[in-house]
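This briefing goes through one chain from its overall build down to single residues. Please keep the sequence and the structure in view while reading.

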Amino acid sequence: MRKIENFIAGEYVAAGSGQRFDKRSPLDNRVIASISEAGRPEVDAAVKAARGALNGEWGGLSTEQRVELLYGVANEITRRFDDFVEAEMADTGQPSHVMKHVFIPRGAANFKVFADVVKNVPSESFQMATPDGRGALNYSMRVPKGVVGVICPWNAPFMLMTWKVGPALACGNTVIVKPSEESPQTAALLGEVMNAVGIPRGVYNVVHGFGPDSAGEFLTQHPGVNAITFTGETRTGAAIMKAASEGMRDVSFELGGKNAGIVFADADFDAAVDGIFRSAFLNSGQVCLGTERVYVERPIFERFVQALKVKAEGVKFGRPDDHNANYGPLISQEHRDKVLSYYRKAVEEGATVVTGGGVPQMPGELAEGAWVQPTIWTGLSDNAAVVREEIFGPCCHIRPFDSENEVVALANDNVYGLSTTIWTNDLARAHRMAARVEVGITWINSWFLRDLRTPFGGAKQSGIGREGGVHSLEFYTETRNVCVKL
Ligand code: NAD
């Protein structure tokens, strides 16, 4: 069993309280790690270390020097690729191909891409006239926000954490990461990378624990934290926003979703089935951008439901390193209870269960894991809780529609507005739809195709602010204007 400690000022340290908690494998519910739970003293120490680094060596580096160090971080992650894959697989139980081809490479890319952004983005300047005819010159400069609190979820732990740490460090900030209690391992491992590359002590810190009355709350309430970037549930965001209002600290929020997948009859049928299959079921449905509401134009509705059913029934459950398997469990027993409660609710609300709805039979010790079947429903009313609330599991409700106006209204009839995926071969319609669906991210004939330079974030209750490319600079820096009278 692994022991995971907090990472403060370049050292792995256990909490002074001696308090620890267990991490269980989603595969078989075995305890796989013992994690030190940071209390207020450890959070204080991390804030102090982060402030010290800002006022010390790190704060004195040029952009070019920081950029070189971040390239080094990316290269070291790549060198230790197998260790990161192994740690993430242990925490999440997801198949190795997802780790190897998406989540871990994106972690390395997050350092490279934002190093390039800070190196290449110019600042603005304005010349102005003055009554004496000599004029003045304004130019802006970007300075780091300071100590940034980074609070992360468990569904793609390394990718989502580095998506924040990469730009924060590129902009010259220091960070304190509070990974999810369900996925502490890759954040801990990144400390080794930082030390190996020579990132000054205190630039990257990790405190472990839970939210309320634990490391998450202690960090967001700490007056020494200048800004908070958070990915997780909308109601957690509300709690963090309250904490951040004390001291007027800035927040960037990437929150929940109940995203619509929209398929028109003229779409490439097989591509649309593949795309919706991925968007509903990838990572066992634990993707914020996933589509739990699918709307299919009536002429192809029955055929589409049947085709998606066949694919959902074709998944092979198993361990991440089992080459015959391609499907993992949910993150925890607790999350499985939540997802299964929605599976029961769907039936109570009158759904037709097209496939799934329960727990697969797993052999041996895997029977103790957090497995659930990919599930498809039809026939629910638009007001059903299952159609309105984020479940965050491998499931979707499919409903027929008859017109563009109708499907736009259906897609928009939700408190969330994170993303949508629209499948059609009519490009004019695709552009019209993109302008009308109230979301932060629209994919046309694709899903989860990500260029890290583009703005990423949610509308409505799915988030506040945008990260990605230059948009990350807006959050991770203060822009200062300098006015020079000539
Ligand atoms: P969560 O909100 O339960 O937890 C996220 C993090 O917040 C964890 O580290 C947790 O310990 C911490 N936390 C909880 N309460 C806190 C508090 N009061 N103060 C400070 N920290 C606190 O979310 P989760 O279950 O880990 O993740 C799933 C959610 O994340 C889903 O809603 C999903 O849609 C969302 N998500 C959104 C995006 C996006 O980009 N929009 C990406 C991934 C996940």
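In this predicted model, 59% of the 486 residues of the chain count as buried. The chain exposes about 19400 Å², and carbon and sulfur atoms supply 51% of that area.

**Overall build**

- The chain contains 15 helices and 23 strands, and its radius of gyration of 23 Å is close to the 23 Å that the globule rule gives for 486 residues, so the chain is as compact as a globular protein of that length.
- Among the contacts with a separation of 6 or more, 75% come from residues 24 or more positions apart.

**The sheet β6-β7-β23**

- Three strands make up an open sheet, ordered β6-β7-β23, in which the pairing is antiparallel.
- The edges of this sheet are β6, residues 125-128, and β23, residues 477-485, each of which pairs on one side only, and the twist from one strand to the next averages 25°.
- Four bridges hold β6 in antiparallel pairing with β7, the strand of residues 136-144, and within this pairing F126 has N138 of β7 as its bridge partner.

- Strand β15, residues 352-355, pairs with β16 in the antiparallel sense over three bridges, whereas β17, residues 395-401, runs parallel to β16 and is joined to it by four bridges.
- I376 takes part in both pairings, being the bridge partner of T355 and standing opposite C396 in β17.

**Cysteines**

- A disulfide is a covalent bond between the sulfur atoms of two cysteines.
- The structure holds zero disulfides.
- What keeps C171 from such a bond is distance, because the closest cysteine sulfur, that of C152, is 17 Å from the sulfur of C171, while a disulfide requires a pair of sulfur atoms within 2.5 Å.
- C171 is itself buried, with a relative accessible area of 7%.

**Two asparagines with positive phi**

- Which phi value does N283 adopt, and where is N283 found? Its phi is near 55°, a positive value in a residue other than glycine, and N283 is found in the loop between α9, residues 269-281, and β14, residues 291-297.
- N283 has a relative accessibility of 4% and therefore counts as buried, since the cut-off for that class is under 20%.
- N445 is not a glycine either, yet has a positive phi of about 50°, and N445 lies in the loop between β20, residues 441-444, and β21, residues 459-460.
- With a relative accessible area of 33%, N445 is partly exposed, because that value falls between the 20% limit for buried and the 50% limit for exposed residues.

Key: Residues numbered from 1 in each chain as written. Predicted model: local features only at pLDDT ≥ 70, side-chain atom pairs only at ≥ 80, totals over all residues. Heavy atoms only, no water. Pairing = 2+ DSSP bridges. Axes fitted to C-alpha atoms, helices over the stretch in contact; angles between N-to-C directions. Rg over C-alpha atoms; globule rule 2.2 N^0.38 Å. Buried < 20%, exposed > 50% of the residue type's maximum accessible area, 1.4 Å probe, protein only. Contact = heavy atoms within 4.5 Å. Areas by Shrake-Rupley, 256 points an atom, 1.4 Å probe, with all protein chains shown as cover.
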